Amino acid sequence: MIRIAYVDDNISESDDVIALLKRYIDSRCEEKIIAEFFTDAMDFVSNYKFCYDLIFIDPQTNNGNGQRIIDELRKINPDVILVLVSKTDKFAIYGYTVSAADYLLKSSTQAVINGVIGKALTKAFLKNRRGGGVNLIRDGSVVRVPVSDIIYLEKFEHTLIYHTEHGNFKTKLSLKDVEKYFGAAGFIKCNRGMLVNSSYIISFNKHEVCLGDKIVPISRGQYKEFAAEYQKLFNIKLHL
């Protein structure tokens, strides 16, 4: 799974790019891609979550303060893949200073835009596969599983079970041992014995969380904290 953020306080100016990005995503069937759009760059960085593989951002966002925000973003996460998106080419050199993967003009043709998006997503796919994973053991073999492929973690007696896209793995750990690490990666605690990957959440209520084909329980005492964390991760306001 690849997660994309598009940051621009003038979304209408980026309509064509966004439409082509969505079209590209819809055409990809080999991997799930989720795109989220943000109009407040300062808020995006202030509440940054390490769940994004690829970020499109306009250097002129936030009333022209985009470069300062991008610099701050690079301090927080030096490794995330960046694509600068602008209506002018005057920030192209700046793109090199922040190690942007590419530079995209909003007036670019469909072919150019698709090429830039494709190249950036390819880098994100490769990075996702090579890094950001955990080494798990099954049948005597070590398997490296990308964090993005872990659907949820479940504590069962003295065993921690990783439910993943590649099957289940068991380790002799407690949920507390890994909670901080996975929390920073976008996982949310739904009860005393489970952490769910927020990227897989389809829906939730006061009783359960839907993770596609899997339904897991949410405890009454954990619901408010769960909902609050979900709102922070997705930068939305829920009317609960």
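Predicted model: local features only at pLDDT ≥ 70, side-chain atom pairs only at ≥ 80, totals over all residues.
Let's start with helix H8, where Tyr-223, Phe-226, Ala-227, Tyr-230, Gln-231, Leu-233 and Phe-234 are buried.

As for the geometry of H8, residues 223 to 234 make twelve residues, which should span 16 Å at 1.5 Å a residue. The end C-alpha atoms are 17 Å apart, which agrees.

Now, please follow me to strand S2, residues 33-38, and find Glu-36 there. Is Glu-36 buried or exposed? Its relative accessible area is 9%, and because the cut-off for buried is under 20%, Glu-36 counts as buried. Leaving aside residues up to four places away in sequence, Glu-36 touches Arg-3, Ile-4, Ala-5, Tyr-6, Tyr-52, Leu-233 and Phe-234.

The largest has 22 residues, and Ile-4, Leu-54, Phe-56, Val-83 and Leu-121 are the ones with the most contacts inside it. Which elements give two or more residues to this core? They are S1, helix H1 (15-27), strand S3 (54-57), strand S4 (81-86) and helix H6 (110-130). Ile-4 itself touches Leu-21, Ile-25, Leu-54, Phe-56 and Leu-121, among others, again not counting residues up to four places away in sequence. Glu-36 and Tyr-52 are on that contact list as well. There is also a second, separate core of 21 residues, and Ala-41, Tyr-48, Ile-55 and Leu-84 are included in it. As a general point, nonpolar side chains tend to be buried together in soluble globular proteins.

On to the aromatics. How many aromatic pairs are there? The count comes to twelve. Take Phe-44 and Tyr-52: their ring centres are 5.6 Å apart and the planes sit at 50°, so this pair is tilted. Phe-44 and Tyr-52 are both buried. Compare Phe-182 and Phe-187, whose centres lie 5.0 Å apart with planes at 65°, so that pair is edge-to-face. Phe-182 and Phe-187 are both buried too. If you have the viewer open, do look at Phe-38, Phe-44, Tyr-48 and Tyr-52, because ring pairs link those four into a cluster.

Most residues other than glycine have a negative phi. Asn-62 is not a glycine, yet its phi is about 60°. Asn-62 lies in helix H3, residues 61-64, and at 18% relative accessibility it counts as buried. Ser-99, also not a glycine, has a positive phi of about 55°. Where is Ser-99? It sits in the loop between helix H5 (92-97) and strand S5 (102-105). Ser-99 has a relative accessible area of 53%, so it is exposed. Thanks, everyone!

Terms used. Residues numbered from 1 in each chain as written. Heavy atoms only, no water. Helix = DSSP H or I, 4+ residues; strand = E, 2+ residues; numbered from the N terminus. Buried < 20%, exposed > 50% of the residue type's maximum accessible area, 1.4 Å probe, protein only. Phe/Tyr/Trp six-rings, centres within 6.5 Å; stacked < 30°, edge-to-face > 60°. Contact = heavy atoms within 4.5 Å. Expected span 1.5 Å × (residues − 1). Core = buried A, V, L, I, M, F, W, Y, C linked by side-chain atoms within 4.5 Å.
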